[in-house]
Amino acid sequence: MDISSYFSARELVESLGQPMLILAFILSIGLLLFGLHPKLQGRIQWLLLAIFLVLLAGYGLLAWFHIQIYNFLPLKDPSSGTIFGRYMIPPWIENEKLYFWSLLTSIWLLLVRKRPVQFRVVVYSSLPILLFLTLATSNPFQEPLGSFNQQILGIEQVLNTQDAKTQGLVLYQASQMLKGFYNSAYMWMHPPLLFFSYSVFVIGFFGSLFMLFKREKEYDEFAYNWAKAGYTVLTLGLLIGYPWTVQAWKGQPWWFSPKVNVTIMMWVLYTAFLHTRVYLNRKGMWRTTAILGILSFSAVVVTYLGTYVLPGIHSVGGR
Amino acid sequence: MKHFNFILILITVALLGIIGVIFIIGTIYGSVQEPNWTETLLYQQYLDNMNLGVIPFVIALLAVLGLCIPKRLFSGKDLLIINGALVAITLILALALGTKFGLGFLLAVGGLIQVVVIVLTSFGSKRVRFEKTGFFLQMGSAIIHLGFVIFLFDFMILADDPNHLTVFWISTAFITVGMIFSFYSREISKALQRRNRQQLEEI
């Protein structure tokens, strides 16, 4: 392990990434000001593009950090020099999740065009909220990959101070974690698909909200179009989590994991939301659909918060 | 037919609601326990109680899914007779050979009927009944349901089978393709029409 190079990369990520995230947040507040000012409304797409580029640059920095981890932190037996494996950590774990979600949302906001300005401004408000939450609760540039870093420090300490037997045991445990969790193919598919769907649901939620208050068909269709895209990806993401679960929790009753249950309930709510459209011509069904759309998105929020609150394998504290 | 559909939807919603309430209670109960309680006997007791509470409703949900499938091919008296026969055989098998076997039978029959529905739909047969019109929408709906039946069969019956993963990926592919067909049927039809028109113009 070239721990000093790893630390240098970590420091660089912290020092460059923080200003980028703050800049993206300030620019996202500008979205609301641009939307409210008639003379600036024409330039709102450029501002959105600028925010997306800043977020993308920050994400590039995180990806670079992950490549440095791959290069500098091989799991190597110090006595024989045998390499057990290298960390290929996808850039959406630990405190990178909300940033990834924000980045995806910034892309979808670029697509929300040709809609009434009032509606667009409300939809745009999702980005400063997401970025504020990222800054306040899940900043990927403040102590990047904190839990992973703790593990690495622990391994490094054992390799420097303990006997060969203990070293071997710790390296074996670390290699199991590397194969089953960090480098798992499912880790590259299951979480990004879920965050993709969450970010899409954010946009659709505003359609349901406006439908409830404005009662215009345009908003119902807007909500439906975004929800069906999110739902397809959500279903695929959830399904891909299943064989991973069977593999990782063999013999354990994973179906009573609180996070799994909350997620399934979210999926059921979206299923109900999409199915109500079959009966959209029934009296008052538009209201049921709009309320279901709002409830479904509330379930997305609860599901995400569940990562921090509910115990179990999905818990941030547990990893 | 519409009446039957609506009743099935109401039953499904009621069952999902009950399962949801059981899960919420279980989640709250689990959340307020000591951090290491999963390593205690109390946790095993909790799991047994949760299983006991939830399994009847999960079985009922699967049975409703099994009953939903024949409605595409049959209606009126025929539908009632076929569903009645399916429920009776499932119950007999479940009592004689176990719940897993009974449900496996129901899902297998459901899967076979769904295959017939897909074949008939692909040939544009008027024997199959759907709430909505459109070839890709109907095909999508049929493929999604087949995917879910295969997924549930894999989940319930093949969890320890060496082919479990292969079957899982087949079901996932069906569900995803079915959703794309179903949700984007209009766009797919338009794209195909555009391509056909271009080909005709070239000729």
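Okay, let's start with helix 2 and helix 3 of chain A, which are roughly antiparallel to each other, a label given to angles over 145 degrees. In this predicted model, local features need pLDDT of at least 70, side-chain atom pairs count only at pLDDT 80 or more, and totals for chains, interfaces and linings use all residues. Residues are numbered from 1 along each chain as its sequence is written, while chains are lettered from A and ligands numbered from 1 in the order in which they are written.

Back to our pair. Helices here are DSSP runs of H or I with at least four residues, strands are E runs of at least two, and both are numbered from the N terminus. Two packed helices are described by the angle between their axes and the distance between the axes. For helix 2 and helix 3 of chain A, that's an angle of about 155° with the axes 9 Å apart. The axes are lines fitted to C-alpha atoms over the stretch in contact, and angles run from 0 to 180 degrees between N-to-C directions. The crossing of these two is left-handed, so the near helix is turned anticlockwise from the far one by less than a right angle.

Who's touching whom? Contact means C-beta atoms, placed from the backbone, within 7 Å. Helix 2 of chain A brings in residues including Phe52(A), Leu56(A) and Tyr59(A), and helix 3 of chain A answers with Leu103(A) and Ile107(A), among others. By class, that contact has 11 nonpolar, 2 polar and no charged residues. For those classes, Ala, Val, Leu, Ile, Met, Phe, Trp, Tyr, Cys and Pro are nonpolar, Asp, Glu, Lys and Arg are charged, and the others, Gly among them, are polar.

Let's look at Leu56(A) for a second, in helix 2, residues 44–72. Is Leu56(A) buried, exposed or partly exposed? Leu56(A) has 15 C-beta neighbours inside 10 Å, so it counts as partly exposed; buried takes 20 or more, exposed is 12 or fewer, and partly exposed is in between. From Leu56(A) to Ala272(A) you go 216 residues in sequence and 35 Å in space, C-alpha to C-alpha.

Ile155(A), Val158(A) and Leu159(A) of helix 6 of chain A meet Thr166(A), Gln167(A), Val170(A) and Ala174(A) of helix 7 of chain A.

Zooming out, chain A has 11 helices and 2 strands. Its C-alpha atoms fill a box of roughly 75 × 50 × 25 Å along the principal axes, and of its 319 residues, 40% count as buried.

Chain A is divided into domain 1 (1–183) and domain 2 (185–319), with bounds from an automatic or database domain assignment. Their centres, taken over C-alpha atoms, are 23 Å apart. Their contact takes 17 residues from domain 1 and 15 residues from domain 2. And which helix gives the most to the domain 1 side? That's helix 3 of chain A, with 6 residues.

Last stop, the other chain. Between the chains, the contact takes 19 residues from chain B and 17 residues from chain A. On the chain B side, the largest share, 8 residues, comes from helix 6 of chain B.

How values were computed. Contact = placed C-beta atoms within 7 Å. Parallel < 35°, antiparallel > 145°, perpendicular 65-115°, else oblique.
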